[in-house]
2 protein chains.
Amino acid sequence: MKLSKRINGIQASPIRKFFKYTEAAKKAGKKVYFLNIGQPDIKTPEVFMEAIKNDGREIIEYGPSAGTPVMIDAVRAYYRRYGMEYGEDDVIITCGGSEALRFIIDCICDFEDEIIIPEPFYTNYGAYVKSSGGRIVPLTTTPENGYRYADKEAIERLITPRTRGFLLTNPGNPTGVVLTPEEMEVIGQIAVEHDIFIISDEVYREFVYDGKPMSSFGQIARIADRTVLVDSVSKRFSACGARIGAVLSKNRELMDNILKLAQSRLCAPTLEQVGGAALYGLDPSYFDETREEYQRRRDAVCEELLKIEGVVCMKPPGAFYITVKLPVDNAEDFLIWLLREFDDDNETVMFTPAEGFYATEGMGRSEIRIAYVLKEADLRRAVQLIRLALEAYKNRKS
Amino acid sequence: MKLSKRINGIQASPIRKFFKYTEAAKKAGKKVYFLNIGQPDIKTPEVFMEAIKNDGREIIEYGPSAGTPVMIDAVRAYYRRYGMEYGEDDVIITCGGSEALRFIIDCICDFEDEIIIPEPFYTNYGAYVKSSGGRIVPLTTTPENGYRYADKEAIERLITPRTRGFLLTNPGNPTGVVLTPEEMEVIGQIAVEHDIFIISDEVYREFVYDGKPMSSFGQIARIADRTVLVDSVSKRFSACGARIGAVLSKNRELMDNILKLAQSRLCAPTLEQVGGAALYGLDPSYFDETREEYQRRRDAVCEELLKIEGVVCMKPPGAFYITVKLPVDNAEDFLIWLLREFDDDNETVMFTPAEGFYATEGMGRSEIRIAYVLKEADLRRAVQLIRLALEAYKNRKS
C-alpha cells in the first residue's frame, strides 16, 4: 500500500518540532512567553454561548448544506454595512475559513494547475493547494520592501496558461500588510486581463489600525465575477474553535459548484451556526474595543523591536502579526538555542521561524513571525527577551 | 476563468430536483410522507447539550488538530467494549464522517487512482473520490442477489495496478446489507493479496437487528495494517448536525499523513467535541432502545412491502434503509407522477430513486431507497400509498 504523492508533498505542522523544546524549557522551570500562537486571548462574546444555550432544539439535525438561513442572513447584513450586497445564494457557510479555501481551490484547480500566492504566506494554503494536486507559484516579497506585493510586472512574470487564481490574505498573515485601494486596482486589473480568480482571504478584516478604513475586493464592482471572499468568525470574534466560516462570491457557476462540495459534506455544525449568527449580529462598536487593544499591543511590540540593533521590520497596518528579520543566519537555530540554552531571570520566549511561510527554498531563514495576542506587558517583556537573547547569542558565537 | 474538470464531474444533490415537486404537492394541500430522509427523528440524548451548557470556557479556542484528548479517549473507550484497542495516536476526530472519508481518500489516491465501491453506494462517496481526482470502480450488486458483494472473483476482476482501496459501508447505505464474518474474511484476504486498503464506513454499526452481533473490520488483527474505520455521532446518537466523526487506523504512516490534513484545517468544532465525548460515554443500554425501535420500523416496512405485487426486496439486517425494486421502468418518473398527479385521501409519498446510488449508467432505474426514520404507523401508511399508487400508475399507463 502506498500513499498518494500529493499527501507526501504536504508538510507536517512545524509546531510539533518545537513542542519538545518548549516542554523541556517548562520542565526546567522556565517561564516561556508564547509569541507563536494565532489564538486570540480575548473572550468570545457572550452572545455566542447564550444563543446556543437558548436554542432549545431536541434533535441536533442536519442544517441546509449552504448554511442555515439565519446564519446566511447575519453574514449578509454584516457585509451590507460595508456596502457589499450579497444575495442569499452568494454566501455559503463553511466549517471555518479552511473549508472555504479547500472548496474554492478544488473548484478551480485541476492537477498541476497553478495558484499565485505572495510569500511569506499562511502555511496551510500550501496544504489546500497540494491536496487538490495543484501547484503554488510564490510571488516573493522581502522585509526590506515591507512585504508589499502588488507589483504588476512581478505578478505578470509568474502567469502561465495554467494560472487559475491569485490567493492573498488581506490584512496579511504573517506580515500584517494591508493593501491600499491602488494596489487592489492593480491586482484587479491583472485578474481581468489574464482571466483569473482573485481569492481574497479577509478573515482579519476588522483588524486595521491607525483609524484607516479597510477595503475589500468585494467592493470593486467590475471584478465581482472573479472575486471570491473567504470569511470566518475565528479571529474576528475570538471564536477559533467554533469552525464557522463563509465563502462569498457573485460568480454563479463557482457558487453552484462550491455548493456541490458543501452538499457532499452535508452541513456546517448546526449549533455553532446559531452562535455564529449571534456573533455576526454584534454591534459594530464591538470591533472598536478589540481593535484598540490590538493596536496598543502592536505599538508596544514595534517600540520594543526598534530597540534591537540589526532588526528589519515595518509597523504592520493590520492583522495581529508582524514578520521581522533578525540579525541571525538561521532563526530556527536561534529559537532552539533560546529554548534550550537561554534564560533571563528564568524566562525565555517562543516565536515562529518564518522559513515555513515561504515556498521558495532558502527564503525567510533570518525572519520570524510574532503574534501579538498576549497582554501588553507580557509582549514587551517577550520582545526584550529576544533582544537580550540576541546579544547573548552573538557573544556565544564569537 | 474556467472551473476544474474534477468539479464538473461531481453531481449536484438530486434532492433539489424533487424539491419543487414536494413543495408544489404541499402547496396543493397534500400531506407528503418523506421516506427519503437520512435524518433520524429520535431525540439527541440530553447529555450532549448538558455537557455543552456546563462547559464554561470563556474563549472558544482551537482544540488540538487530532481532537481533544477527552473526545479521543471517549472514542477509544467505546471501541474497547468491542474488543478493539486503539492507541491515542490511532484516532483522529473529524468534522463528521464526511471529512474522515475525504482525508483518507486524499491520502491514498493520486490523479486517476482507483477505489472499488460496491454499488449502489452512498452518493457522496462519488464526490469524495472525484474531488481527489480519483476514479470510482463500481462493484455491481443486484436486488435479486440481496445486494451482497463479497464475491472474490467479481472483486478481483476489478483490481488493476491503480487500485488503492476497497470502500464499503457496513451496515450498508442504501441497502442495509450487513457483512457476515465469512464475507469480511474474503474481503480481508483480497486486500492482503493485492496490497490495498480497506476503508470501512461503520457509522451505522449499532443498527444491526434480530439480536445478531455486529462485526467490525477493526476486529481482524491480521489486516490491522490496511484497515481504516470511519465513525460518526450523526446516526448513532441522532446528532447529525454536530459534525463529529472519527477516523481510526493502526497504519502509522496513514495516520501521520491524515494528521497533516487535520492540521491544515486546524481542528474539529471545540464545543461539539465536548458534547460528542458525552455521547460516546453513554451506557451501551442506550442502543438497545433505539435498535428495538428501528427494528420494529423495519419489520413494519417489510410487512407492507410484501403486500405489493412485483416488488423485489430482502429484509435488511442493518442500518435504517431498504432498497427495493419496484415494478416500474423508471422510479424517478413514478416519483414525479406520485407527487404531481397522485393522492389517496389527500396524501402522497416521497422516496429516493436509487439510480443516483449507482455509478454504472442505467443501473437501478427501477429501484428506490426507503429510509425508515418515521413512526411505525406513518411508515405503514407511506408504504400503503406506494402500493395504491403503483396500481393507479399501472392503470394509467394501460
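A residue is called buried here if 20 or more other C-beta atoms lie within 10 Å of its own, exposed if 12 or fewer do, and partly exposed in between, with C-beta atoms placed from the backbone. By that rule R243(A) is buried, with 32 other C-beta atoms within 10 Å, and L266(A) is buried as well, with 22 such atoms.

This is a predicted model, in which local features need pLDDT of at least 70 and side-chain atom pairs count only at pLDDT 80 or more, while totals for chains, interfaces and linings use all residues. Residues are numbered from 1 along each chain as its sequence is written, and chains are lettered from A, with ligands numbered from 1, in the order in which they are written.

**The two chains**

When copies are superposed by least squares on the C-alpha atoms of residues with pLDDT of at least 70 in both, a rotation of 180 degrees with 0.0 Å of shift along its axis brings chain A onto chain B, with an RMSD of 0.0 Å. That is the relation of a two-fold axis. The same surface serves both copies, since 100% of the contact residues of chain A recur in chain B. Two residues are in contact if their C-beta atoms, placed from the backbone, lie within 7 Å, and on this basis the contact takes 60 residues from chain A and 60 residues from chain B. Helices (H or I, at least four residues) and strands (E, at least two) are DSSP runs numbered from the N terminus; among the helices of chain A that each supply at least two residues of the side touching chain B are α5 (96–108), α9 (252–264) and α10 (270–280). The largest share of that side, 7 residues, comes from α9(A).

**Two domains in chain A**

Domain bounds come from an automatic or database domain assignment, which divides chain A into domain 1 (5–43 + 285–397) and domain 2 (47–280). The C-alpha centres of these two domains of chain A lie 26 Å apart. Their contact takes 35 residues from domain 1 of chain A and 34 residues from domain 2 of chain A. On the side of domain 1 of chain A that touches domain 2 of chain A, the largest share, 5 residues, comes from α11(A).

Strand β5 (residues 163–169) of chain A has 6 of its 7 residues buried, so it is largely enclosed by the rest of the structure. Two strands pair if DSSP finds at least two bridges between them; 3 bridges join strand β3 (residues 114–119) of chain A to β5(A) in parallel, and 5 bridges join β5(A) to strand β6 (residues 197–201) of chain A, also in parallel. F166(A) in β5(A) is the bridge partner of I116(A), and in β6(A) the bridge partner of F166(A) is I198(A).

The loop between β5 and α8 of chain A holds P171(A) and also P174(A).

R243(A) lies in the loop between β7 (227–232) and β8 (245–249) of chain A, whereas L266(A) is placed in the loop between α9 and α10 of chain A.
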